[in-house]
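Hi there,

Here is the structure I promised to pass on to you.

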Amino acid sequence: MTLIIDGHQDIAYNALTFGRDIRRSALETRQREANTWIPTVTGETLLGWPEYQQAQVGLIFATIFLTPARYKAGDWENQAYTTPEEGRRLARAQLAWYRDLFEREPDLFRPVASRSDLEAVLRPWQAAPARYPDLTHPVGLMLTLEGIEWMQKPDELAEWREHGVRLVGMVWAGDERCGGMYYHGGLSREGQRWLAALAELGFILDITHMSEAAALTALERYEGIVVASHSNVRALLSEDPHERHLSLQQIRELIQRDGLIGVLPFNRYLRPEWKNGDPREQVRLEHLIAHIDAICQIAGDAHHVALGSDFDGGFGYPAVPLEINTIADLPKLAAGLSQRGYTSADIAAIFYANWQRILERALPE
């Protein structure tokens, strides 16, 4: 089994919204939530620290994610904001949650904000794979901002850099500065000013959730590293009304920029016609592998695709491919990739080495 770096998980959001304890096993959390409202709105959890150990997930891009109030899914959503002040308060509460986790559980989770942090977290995993429960390693969490629509001035970004955030997505829904899934449009002059501020501070720019027009402008103008942390290939999907996934032009531009695309195994992002209640056999890991392969065929190598599971990001079990019960099953991708002709070096690149390369370039000393 090879190490895995996962490019996207909403850990604090799930803890503060649903009371999920990431230290517990996914199966224990499912038992605790059985017969409650939680699985009806977000599915059964796919995540837990024991499952990270079983899957060899050594590093996760852990988000600070808020919902603009007008897009709330229900009254249960307590991480939604209506004003910039409310957004700052909620974002700081998620940051505080991560800091408390690092302080209380250093043997389970550690922050990654520098190259030395990265090396310290990955070294044990690369020296000896975890064998849960007999041999375990701390999981690194690198903090990210998934959408900054709640910020008012680019000057606010420096605070989050100081707090250890290293990757930023400008939008989740979109606004007048930058088009997104629900607010269509491009990157305005004001948005380009924000883009310059992000580059000056050395953030990795995440174009996931940006409209295609905004993303293409960012790919042309951003003076820094650009990735799509959790997006699939639009050309393989029968529909994508929100431009949620990447066009072939976006993929080519990312490759040209030596960027990276993290693919995600959500059934509706693999077969849009799939609905909750449909037979699970309709979506298999081979559908996710098709997206990986499409990116590799465009690039001519396996150096520009990775994993960004988005597990528990508004979906959970059973809305994942048939072979997946929890994140512990993510390594099953290796067998399917091998059958497609991918070498062990290719699989290692997709599972962790591509993200590691990006982080070694982006993180400060």
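First, the ground rules. This is a predicted model, so local features need pLDDT of at least 70 and side-chain atom pairs count only at pLDDT 80 or more, while totals for chains, interfaces and linings use all residues. Residues are numbered from 1 along each chain as its sequence is written, and side-chain values use heavy atoms, with hydrogens and water left out.

**Pockets**

Rolling a probe the size of a water molecule over the atoms shows where empty space is left. On a 1 Å grid over the protein atoms alone, a pocket is an open set of points with protein on both sides within 12 Å along at least five of seven lines, whereas a cavity is a set of points where a 1.4 Å probe fits but cannot get out. Lining residues have an atom within 4 Å of a point. Grid points are joined across faces, edges and corners, and a volume is the space filled by probe spheres set on the points.

The largest pocket has a volume of about 1100 Å³. It is lined by 45 residues, and the closest to its centre are Phe 266, Arg 268, Tyr 269, Gly 313 and Gly 314. Helix 1 (11-18) and helix 3 (38-42) each give at least two residues to this lining, and helix 3 has the largest share, with four. (Helices are DSSP runs of H or I with at least four residues, strands are runs of E with at least two, and both are numbered from the N terminus.) By type, the lining of the largest pocket has 21 nonpolar, 14 polar and ten charged residues. Here Ala, Val, Leu, Ile, Met, Phe, Trp, Tyr, Cys and Pro count as nonpolar, Asp, Glu, Lys and Arg as charged, and the others, Gly among them, as polar.

The second largest pocket holds about 160 Å³ of space. Among the residues lining it are Ala 15, Asp 21, Arg 23, Trp 97 and Glu 105. Helix 5 (residues 84-104) supplies the largest share, four residues. The lining of this second pocket divides into four nonpolar, one polar and six charged residues.

**Cavities**

How many cavities of 30 Å³ or more are there? The count comes to three.

The largest cavity has about 90 Å³ of space. Its lining includes Asp 10, Asn 14, Asp 21, Thr 45 and Phe 311. Helix 1 gives the most to this lining, with three residues. The types here are five nonpolar, three polar and four charged.

The second largest cavity has about 60 Å³ of space. Of the 15 residues that line it, His 8, Glu 146, Asp 206, Ser 229 and His 230 are the closest to its centre. Strand 1 (4-9), strand 6 (139-146) and strand 7 (167-169) each give two or more residues to the lining, and strand 6 has the largest share, with three. This lining divides into four nonpolar, nine polar and two charged residues.

**Strand 1**

Six of the six residues of strand 1 are buried (under 20% relative accessible area, with exposed meaning over 50% and partly exposed in between, using a 1.4 Å probe and protein chains only), so strand 1 is largely enclosed by the rest of the structure. Four bridges join strand 1 to strand 2 (residues 57-65), and the two run parallel; strands pair if DSSP finds at least two bridges between them. Ile 4 stands opposite Val 57 in strand 2.

**Salt bridges**

A salt bridge is a side-chain nitrogen of Lys or Arg within 4 Å of a carboxyl oxygen of Asp or Glu. The whole structure has 25 of them.

Lys 275 and Asp 278 meet at 3.8 Å, N to O, and Lys 275 is exposed at 52% relative accessibility. Arg 340 bridges to Asp 293, with the closest N and O atoms 3.3 Å apart. That pair links distant parts of the chain, 47 residues apart: Arg 340 is in the loop between helix 12 (333-339) and helix 13 (344-362), and Asp 293 is in helix 11 (residues 285-299). Arg 340 is partly exposed at 44%, whereas Asp 293 is buried at 15%.

Salt bridges that share partners also join Asp 21, Arg 23, Arg 24, Glu 28 and Glu 105 into one network. Within it, the side chains of Arg 23 and Asp 21 meet at 2.9 Å, N to O, and Arg 23 is partly exposed, at 38%.

Happy browsing!
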